[in-house]
Protein chains: 2
Amino acid sequence: MEDRAVPDSGTGDTVAAIGEFGLIRAITANRTQPSTTLLGPGDDAAVVAAPDGRVVVSTDMLVHGVHFRLDWSTPEQVGRKAAAVNLADIAAMGAVPTALVVGIGCPADTRRAVLTELADGVAAEAARAHAGVVGGDLVRADELVISITALGDLGGRPPVSRSGARPGDIVAVCGRLGWAAAGLAVLGRGFRSPVGVVGAQRSPEPPYEAGPAAAVAGATAMIDVSDGLLADLGHLAEASEVGIDIRTDLLDVPQKLTDVGTALGADPLHWVLTGGEDHALAATFPSYTDLPAGWVRIGTVLMPDTGVTVDGVPYEHETGWEHWR
Amino acid sequence: MEDRAVPDSGTGDTVAAIGEFGLIRAITANRTQPSTTLLGPGDDAAVVAAPDGRVVVSTDMLVHGVHFRLDWSTPEQVGRKAAAVNLADIAAMGAVPTALVVGIGCPADTRRAVLTELADGVAAEAARAHAGVVGGDLVRADELVISITALGDLGGRPPVSRSGARPGDIVAVCGRLGWAAAGLAVLGRGFRSPVGVVGAQRSPEPPYEAGPAAAVAGATAMIDVSDGLLADLGHLAEASEVGIDIRTDLLDVPQKLTDVGTALGADPLHWVLTGGEDHALAATFPSYTDLPAGWVRIGTVLMPDTGVTVDGVPYEHETGWEHWR
C-alpha cells in the first residue's frame, strides 16, 4: 500500500496537482475506526482483528462505464456501491464484515472532490456494516477503476457455502429483489425518478446482519444475489447438486415495481426473478426452521437434476448476465 | 467475488469468447492451496487461517503503461510482479504471507493466454511466499488493471511498523537495491540485456522470509523499499520522528550495476540509493543486535530533525517518485 504520511505539496484541484501521497492522506485521514482495526492506514499494511482465528475475504472490481456511470450516480453513491458489493459477499458466508481495503485507479485530471466523495461513500457504507476502511492504494489509470477487498469474521461458526442445500430445505431471501433492475430500466430511458428504484440502482443496501443471522439459524447454503435471483440460485443449486423451485405466490412484487413496470410496459416479476445488483441474500434452511427476522420463504429445494424452476416449470427468459456477453 | 463454477461456453481465444465464468474457473482451477486456505475459490468469499487472531492486509493496483508494459514483460512476469509488491508489504510488517485475492480488469479482446499466464505468474510468486491464491474477480475494462490484496499472519509477534526507530539503532537492508532501476534504464534505451537487471525490473524477488526474521530479531521499524532506499527511509524516519544517516562504504554496489552504469554513462550508486521496485526490506534494529541472515548494516538512526543523509550530508538528487509528478 502507498498510504504514507507525507505533506501535501500542491494547491490545485486535480489528482495530478495534489499528488498521490497527499490525496491518499486526505482520503484516509480522520476516519473513525472500529475496534477491529488494530493498525489503520499509513504503514506498509494494516492489522485487523480476526478473533475467530479464520478470516473471510472477497474482492470485486468496478469499472466506470461497465459497473457505474458518473453521469447516473454521484461519486458518493459509487463509493457506497463499491463497498456494498464486497460487504454483501462477506455477509453471504454468514460472517460479520470487519474491514475494507480500497484500490483506486483514475486519470490524472480527476478532480479531488470526485475522489474524496468516493472515499466518503466507501467509508459510509463500511460504517453501515461496522467495518473499517484500513488501507488503500491510488494510482494513475486511463479510466476510473475501484477495487475493494472485504474481510470478515465468522464468530466461531462454520462458513455457509453454496454447496450445503439439501432436498426438502426451505429457500428464502432477505433484502430487495428487482429494484436495481427497475432503476436501470428507468435510467436507461433517460428518466431520473421514481427515486426509490433509481436510488436502488445507484447504491444497493444489502442486509448485512441477515447473513450472520441466517448462519446462526442453521442456514445450509447461502449466496449473494448479484446477477439475479434465478441466476444465483442456479449457482447455489449447481454447487449443492440439487434442484430449486420458486413459487411466485410467495414472491413479493412491491407496488413501486408494479407502477414502474406499468409506466415502462415491463413485467415487474421479471425484474424480481432476474434483476441483479440489489445484493439481497438467498439461503436455504432445514424445513423446520423458524426463519430469522427479515427472511421470507420463496420456494423449496428439490432433488438433483430438476434445475431451477418457477412454479414448477423452467423460466423461459434470460436469467442473468456476464460482463462480456 | 464472481469465481463461480459454471461451464465454459465458448471456443474462441479471447475473454469475450470464453466468458467471465469460464475464464475465472480456468485461472483458479487446480491451483495447489497451502494449509492456510480453509475454503478456496468458487464461493462468495474464501476463508483463510488467521491463527494469530489478527490478520495483516495490504493492497496494490498495477496499471498497464504505468506499472508494467506487455512489450517489456511477459504476462507471467507481470503476474509475478503484481503478487510480489503486495507480498513484500506483508513481509515488511514482520508477517508471514498467507493468501492473495486478485482482481483483473481487461479489454474484451484480451487473449485467453495473456490472462492464464498472468494468473500463472501470480500463483508462482504466491507459492514462493507459501501463500494461496484464494479468490478473484475478472471484469471488462479499457486497459489491463491488476489489483491484488495480500493477507498475512503475525505469529504472535507485534507488527513492525514504520514508527519504532530510535536514535542509535542500526539501519539495515535485505534484498536487492538499484537492480530494477538499472533494468529500467536499459529497457528505456531499447536494450534487452543484461538479463540480470532487466529481469529485476520485470519481476522483483523480495526476500519474504527476511521480514518475519527481522521481527524475531527485534526490528524496531521496517519498510518495503518500493520507491527507493532514500525515499522509503525518509518515510520511516518521518513516521519514527528520527534522522537516518547512510554510509556509502557500507553499501554494496554490485559489479553488474557498475558495468551497466559504465555502459550507459550512469552512476550505479544513484540507482542503489534511489531506485525503486526491487522491494528489498529496510529495517532498524537495536545497536546490540546480531542481524539475521541476509541483512546488511548500511547506516545509523540519528536524532530527530537531521533528515536522511548520505555520509553525513543531504543527497542532492531526486530521491523517489510519485505517480503523478
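Helix 8 of chain B covers residues 229-240, 12 residues in all. At 1.5 Å a residue, this helix should span 16 Å, and its end C-alpha atoms are 16 Å apart, which agrees. The expected span is 1.5 Å times one less than the number of residues. Helices (H or I, at least four residues) and strands (E, at least two) are DSSP runs, numbered from the N terminus.

This is a predicted model: local features need pLDDT of at least 70, side-chain atom pairs count only at pLDDT 80 or more, and totals for chains, interfaces and linings use all residues. Residues are numbered from 1 along each chain as its sequence is written, while chains are lettered from A and ligands numbered from 1 in the order in which they are written.

Of the 12 residues in helix 8 of chain B, 11 are buried, so the helix is largely enclosed by the rest of the structure. Buried means 20 or more other C-beta atoms within 10 Å of the residue's own, with C-beta atoms placed from the backbone. Among the buried residues are B:Leu229, B:Asp232 and B:His235. Their cover includes strand 8 (221-225) and helix 10 (268-274) of chain B. B:Glu241 follows the helix, with a positive phi near 55°.

Now the interface. Chain A places 65 residues in contact (C-beta atoms, placed from the backbone, within 7 Å) with 65 residues of chain B. Strand 3 (residues 54-63) of chain A gives the most to chain A's side, with nine residues. That side divides as follows.

| Class | Residues of chain A |
|---|---|
| Nonpolar (Ala, Val, Leu, Ile, Met, Phe, Trp, Tyr, Cys, Pro) | 36 residues |
| Polar (the others, Gly among them) | 13 residues |

Conventions: Two residues are in contact if their C-beta atoms, placed from the backbone, lie within 7 Å.
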